[in-house]
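Visitor: Could you walk me through this one before I set anything up? I'd like to go strand by strand and then look at a few residues.

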Amino acid sequence: MRLILLFFKRQKDFLLFLLLFAFSFSFVLGGNSFQQSKFLYIASDVVGDIYLLRTGVQEYFSLKQQNEQLTKENKQLHEQLLRERAQKLEQLSKDPILLYSPEQYAVYRAEVIKNSCHLSKNYLIIDKGLRDSIREDMGVVSPRGIVGIIDKATTRYASVQSVLNTRSKISATHKKSGYYGTLSWDGKDPTIVQLTDIPSLAPISVGDSIVTAGHSSIFPKGIPIGRVLSVNANTRDNSLLSQVKLFTDMQQLQHVYIIKNKDQVPIQQLEEQIQEQANE
């Protein structure tokens with residue numbers, strides 16, 4: 001307190017000047033509208049420049065946050081484009097729109113009402129059945145890739161043997177080279193399946209696409225399955241074992257598409273005749 005009083009005592013002349021100057025200035029502005037408007041005009045410019053400078057400084061220091069926000073918005077736009085593509089597929093796939101060969105395949109839409117992913121023999125239940133022309137051994141896919149095969153059907157519902165089922169065996173091919181093998185699941189990671197029985201000379205690399213081979217009457221050729229995560233040689237039979245990351249998120253399925261092969265019955269009948277002859 002003593003120091004404060006000492007400061008005011010030493011600066012009393014200067015402080016008195018400031019007080020008188022402020023009083024005189026306010027008196028001039030209060031009695032003269034022209035001077036008042038002029039002062040307000042200048043003051044507005046000064047205040048505006050100060051705010052502009054402050055905004056520029058704030059924007060400079062917030063560049064990182066803005067970049068993060070732009071990255072987030074780009075991600076949202078990308079996801080929106082993917083959703084729009086899926087919606088277009090959904091609109092095109094209402095019963096019984098033909099998406100593949102119109103002469104051979106029909107596609108039906110179904111809702112998933114039950115789905116398991118953490119068992120050794122996982123399955124789905126869908127809301128389409130016999131009355132909707134759904135039968136056993138029809139392929140089931142999502143907008144991103146394969147899901148499984150119809151296992152049983154009742155009047156109103158059907159069960160699907162998931163690709164995440166240790167009994168599942170699907171013919172699959174390396175998209176670039178055309179070498180094909182068997183797709184199965186080892187019962188571990190619900191996002192990764194295994195591709196076996198491909199010759200060791202096949203030029204498979206990490207990141208390559210795996211698609212359906214079309215060697216059965218269930219799936220058309222070329223339906224996406226996933227991308228190669230790793231490739232290892234199997235020295236016992238001179239083949240390759242590839243770990244494949246599924247395109248379809250099996251844990252987030254809400255609706256699927258059932259593929260009906262119109263030629264499936266005659267093809268199966270022919271296969272049965274060939275098998276009977278082989279067993280004779």
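Visitor: How many bridges pair strand β10 with β11, and in which sense, parallel or antiparallel?

Guide: Bearing in mind that this is a predicted model, strand β10, residues 224–234, pairs with β11 over 8 bridges, and the sense is antiparallel. Within that pairing, Ser-230 has Gln-243 of β11 as its bridge partner.

Visitor: What sits between β10 and β11?

Guide: The two strands form a hairpin with 4 residues between them, and Asn-238 in the turn has a positive phi of about 55°. Asn-238 is not a glycine, and at 55% relative accessibility it counts as exposed, because the cut-off for that class is over 50%.

Visitor: What about β9, which strands does it pair with?

Guide: Strand β9, residues 209–212, pairs with strand β6, residues 170–174, in the antiparallel sense over 3 bridges, and His-174 stands opposite Ile-210 there. β9 also pairs with β10, again antiparallel and over 3 bridges, with Pro-224 of β10 as the bridge partner of Val-211.

Visitor: Switching topic, which residues touch the most other members of the largest nonpolar core?

Guide: That core has 45 residues, and Ile-126, Ile-146, Ile-150, Val-163 and Leu-183 are those that touch the most other members. Strand β1, residues 105–115, gives the core its largest share, 6 residues. As background, nonpolar side chains tend to be buried together in soluble globular proteins.

Visitor: What is Ile-146 in contact with, beyond its sequence neighbours?

Guide: Leaving aside residues within four places in sequence, the contacts of Ile-146 include Val-140, Val-141, Val-163, Ile-170 and Leu-183. Also among them are Phe-219, Ile-223, Pro-224, Ile-225 and Met-250, together with Thr-212 and Thr-248.

Visitor: Is Ile-198 buried or exposed?

Guide: Ile-198, which has its place in strand β8, counts as buried because its relative accessibility is 1%, and the cut-off for buried is under 20%. Leaving aside neighbours within four places, it is in contact with Tyr-179, Tyr-180, Gly-181, Ile-204, Ser-239 and Leu-240. If you want a C-alpha distance, Ile-198 and Ala-172 are 26 residues apart along the chain, and their C-alpha atoms are separated by 9.7 Å.

Visitor: And Asn-165, what does its side chain reach?

Guide: The side chain of Asn-165 reaches the backbone oxygen of Asn-122 at 3.1 Å. Asn-165 lies in strand β5, residues 158–165, and is buried, with a relative accessible area of 5%. Beyond its neighbours within four places in sequence, it is in contact with Ser-120, Lys-121, Asn-122 and Trp-185.

Visitor: Last one, whole chain: how many helices and strands, and what percentage is buried?

Guide: The secondary structure of the protein chain comes to 5 helices and 12 strands, and of its 280 residues, 29% count as buried. The chain exposes about 18800 Å², with carbon and sulfur atoms supplying 56% of that area. Among contacts with a separation of 6 or more, residues 24 or more positions apart account for 56%.

Methods. Residues are numbered from 1 along each chain as its sequence is written. This is a predicted model: local features need pLDDT of at least 70, side-chain atom pairs count only at pLDDT 80 or more; totals for chains, interfaces and linings use all residues. Side-chain values use heavy atoms; hydrogens and water are left out. A nonpolar core is a set of buried Ala, Val, Leu, Ile, Met, Phe, Trp, Tyr and Cys residues joined through side-chain atoms within 4.5 Å. Buried means under 20% relative accessible area, exposed over 50%, partly exposed in between (1.4 Å probe, protein chains only). Contact means heavy atoms within 4.5 Å. Two strands pair if DSSP finds at least two bridges between them. Accessible areas come from the Shrake-Rupley method with a 1.4 Å probe; for residues, only the protein chains shown count as cover. A polar contact is a pair of N or O atoms within 3.5 Å; within protein, one must be able to donate a hydrogen and the other to accept it, and residues adjacent in sequence count only if both atoms are side-chain atoms.
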